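Morning, everyone. Please have a look at the structure on the screen, and then I'll take you through a few places in it.

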Amino acid sequence: MEVTDLRRVSARKLIPLFDEEARRWMDELSWDYRSSLQLIRNFIDARTLAGCAAWQDGEPAGYGFYVLEEHKGLIGGLYVAERFPRASVARRLLDDMLQTLRNIPRLERVEVQLMPCGEELDEVLEARRFRLYHRQFMMLDLDQARAGRELPQAGLRLEPWTDRWLHPASRLIRLAYENHIDGEINDQYCSEAGANRFLRNIVYLRGCGEFIPQASFLLCGPQSDIPLGMVLSSAVAPGVGHTTQLCVLPGYQGRGLGRRLLETAVASLRHRAFRALSLTVTSSNEPAIALYESMGFGTRHTFSAGVWRP
């Protein structure tokens with residue numbers, strides 16, 4: 001098996017991998033990943049995407065890529081074709097990327113989440129000293145969504161998303177994930193600047209499907225523009241939505257705000273003829289899972305998030 005720098009590869013030679021990967025995203029997650037793969041192809045052909053590709057007898061066996069963001073590296077993709085030994089190919093690709101990342105001065109962490117791969121690569125990641133966090137990909141049939149008991153929320157205002165909420169929402173994310181397990185997985189949640197980058201990626205750059213402002217809302221207190229909670233929605237396939245963010249300020253959790261936000265997003269998506277909604281959640285976040293299951297979400301796929309530190 002040969003491993004080459006991704007910046008020396010023509011995206012055209014990886015088309016069989018991209019086609020198989022797109023099918024797997026759709027089959028396992030009901031997610032149309034083709035637009036994301038087109039962006040990846042564009043960056044590969046521009047020679048601007050760092051990573052590597054594996055070849056067996058001249059055929060593409062797998063590829064992986066990473067991006068750098070200040071003090072961390074983010075492995076944004078890793079896929080191995082099903083007809084090749086996935087663990088050994090993934091190990092070679094990971095080793096190649098990690099060796100490069102480890103030589104970058106002042107690098108503090110490497111993050112990875114590989115949804116379609118499920119937990120197949122857990123042993124590989126653990127052997128490379130990644131700390132793993134188990135996560136669940138959950139889906140809801142919107143026709144079968146179960147409404148909860150409306151809790152009294154006197155004076156709270158439901159506000160539709162507009163760009164004016166970008167900075168208040170960044171602060172909300174930072175506060176909501178302070179001392180939270182998801183802040184360990186994604187350190188963008190741990191600062192307002194990082195949360196702002198996360199939101200811009202979701203809202204403007206199609207970082208998680210096509211953002212739907214009409215199904216994204218904030219809850220504010222009376223006579224205040226300080227958001228107490230927020231839900232953001234995107235479209236990831238025709239008729240399929242994805243909750244990209246749901247958070248509530250500490251001190252206001254457990255009062256039904258998260259349910260109200262999510263049910264409002266569900267109603268908006270149903271009005272727009274969406275048939276399904278997905279989201280991801282960390283398995284140890286039991287209150288969130290209880291909420292989702294009470295609304296009719298079921299776990300469709302499990303996967304691991306990994307964090308490596310020097």
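Start with Pro 238. Buried or exposed? Its relative accessibility is 62%, and the cut-off for exposed is over 50%, so Pro 238 counts as exposed. Keep in mind that this is a predicted model. Where does Pro 238 sit? It lies in the loop that links strand E10, residues 227-237, to strand E11, residues 240-248. Now look at Pro 227. Along the chain, Pro 227 and Pro 238 are 11 residues apart. Their C-alpha atoms are separated by 30 Å.

Next, the helix pair. H1 covers residues 15-29, and H2 covers residues 34-45. Their axes come within 10 Å. They cross at roughly 160°. Angles over 145 degrees count as roughly antiparallel, so that is how H1 and H2 run relative to each other. The crossing is right-handed.

Which residues make the contact? On the H1 side, they are Ile 15, Phe 18, Glu 21 and Ala 22. On the H2 side, they are Arg 34, Leu 37, Ile 40, Arg 41 and Ile 44. By type, six of these contact residues are nonpolar and three are charged. None is polar.

Last stop, the core. How many residues are in the largest nonpolar core? There are 107. Leu 14, Tyr 63, Trp 161 and Tyr 292 have the most contacts inside it. Which helix gives this core its largest share? Helix H3, residues 86-102, with seven residues.

That's my tour. Over to you.

Conventions:
Residues numbered from 1 in each chain as written. Predicted model: local features only at pLDDT ≥ 70, side-chain atom pairs only at ≥ 80, totals over all residues. Heavy atoms only, no water. Axes fitted to C-alpha atoms, helices over the stretch in contact; angles between N-to-C directions. Helix = DSSP H or I, 4+ residues; strand = E, 2+ residues; numbered from the N terminus. Parallel < 35°, antiparallel > 145°, perpendicular 65-115°, else oblique. Left-handed = near helix turned anticlockwise from the far one by under 90°. Contact = heavy atoms within 4.5 Å. Nonpolar A, V, L, I, M, F, W, Y, C, P; charged D, E, K, R; others polar. Core = buried A, V, L, I, M, F, W, Y, C linked by side-chain atoms within 4.5 Å. Buried < 20%, exposed > 50% of the residue type's maximum accessible area, 1.4 Å probe, protein only.
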